[in-house]
Amino acid sequence: MLIFLCVGIFAANFVDAIAGGGGVISVPVYMLTGLPMQNVYACNKFTAAMGTTFASLRYIKEKAVNWTVAVISAVFAVIGARIATVIFMNTSSDTMKKIVVCVLPFAAAFLLLKRDFGEHSGFEELPKSKVYIISALTGLIVAFYDGLIGPGTGTFAMMIFCSILKLDLRTSSGTAKVFNLASNWSSAVSFMIAGYTIWPLALTTTVFSILGGQAGAALAIKKGTKFIKIIMTVVIVMLLVKLAADIF
């Protein structure tokens, strides 16, 4: 079971570093251990946070991060994720899942039909006020989703950064990693304080989380926009299937 878990966490963070959505793989993998959901999410958040930390450093090194968007969204992500994590530890998230399932087909269609999505940057032409407001709202709302449900957070952030803030897909991927870093650590620390993290398990899988994140970030930087778009489409379809299965 531990070998299976480590392989699954590597794959999850490999995908997550490229297009977000690693939780689509990692959460079900952790669930197969039979642990209660609070422990599943606690361990998953810690390993995801560690993997995202090292993947973010890779993107930063390659100068594939827009710091204005990243910092503003990250600050508000801490707030949104903290609120959602507290709610998650006390309530059900079925309603949120149903909303997301309704939205996902449109997101997949958008990616498939808009062929030039994320290929060019128009960020410099946007008013700064719009950049600040959209970055703050993205951090708050998407991180709230992250704390409550989780899978697909980075993918949603990337789509907003590309479609509304006009960043190219490579920069969106790096910027989403920094944003997701704040969101993941906010939730991870909340679970730690509540005592849900199982440390021997979390620390073991963290090694594979970091390796997967590094490999995925390197491939995304090397392959570029078209490759990232393909992985994003796959992640959205996987997320749609997972959430639909949870509900029905």
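A salt bridge, as I use the term, is a side-chain nitrogen of Lys or Arg within 4 Å of a carboxyl oxygen of Asp or Glu. The structure above holds one of them.

Before I get to that pair, a word on where the values come from. This is a predicted model, where local features need pLDDT of at least 70, side-chain atom pairs count only at pLDDT 80 or more, and totals for chains, interfaces and linings use all residues. Residues are numbered from 1 along each chain as its sequence is written, and side-chain values use heavy atoms, with hydrogens and water left out.

Now the pair. Lys177 forms the salt bridge with Asp16, and their closest N and O atoms are 3.7 Å apart. Lys177 sits in helix 8 (residues 169–194) and Asp16 in helix 1 (residues 2–19), so the bridge joins distant parts of the chain, 161 residues apart. Helices here are DSSP runs of H or I with at least four residues, strands are runs of E with at least two, and both are numbered from the N terminus.

Are the two partners buried or exposed? Buried means under 20% relative accessible area, exposed means over 50%, and partly exposed lies in between, with a 1.4 Å probe and protein chains only. Lys177 counts as buried because its relative accessibility is 1%. Asp16 is also buried, at 10%.

Last, the whole chain. The chain has 10 helices and zero strands. Of its 248 residues, 56% are buried. Take the contacts (heavy atoms within 4.5 Å): among those with a separation of 6 or more, 85% are between residues 24 or more positions apart.
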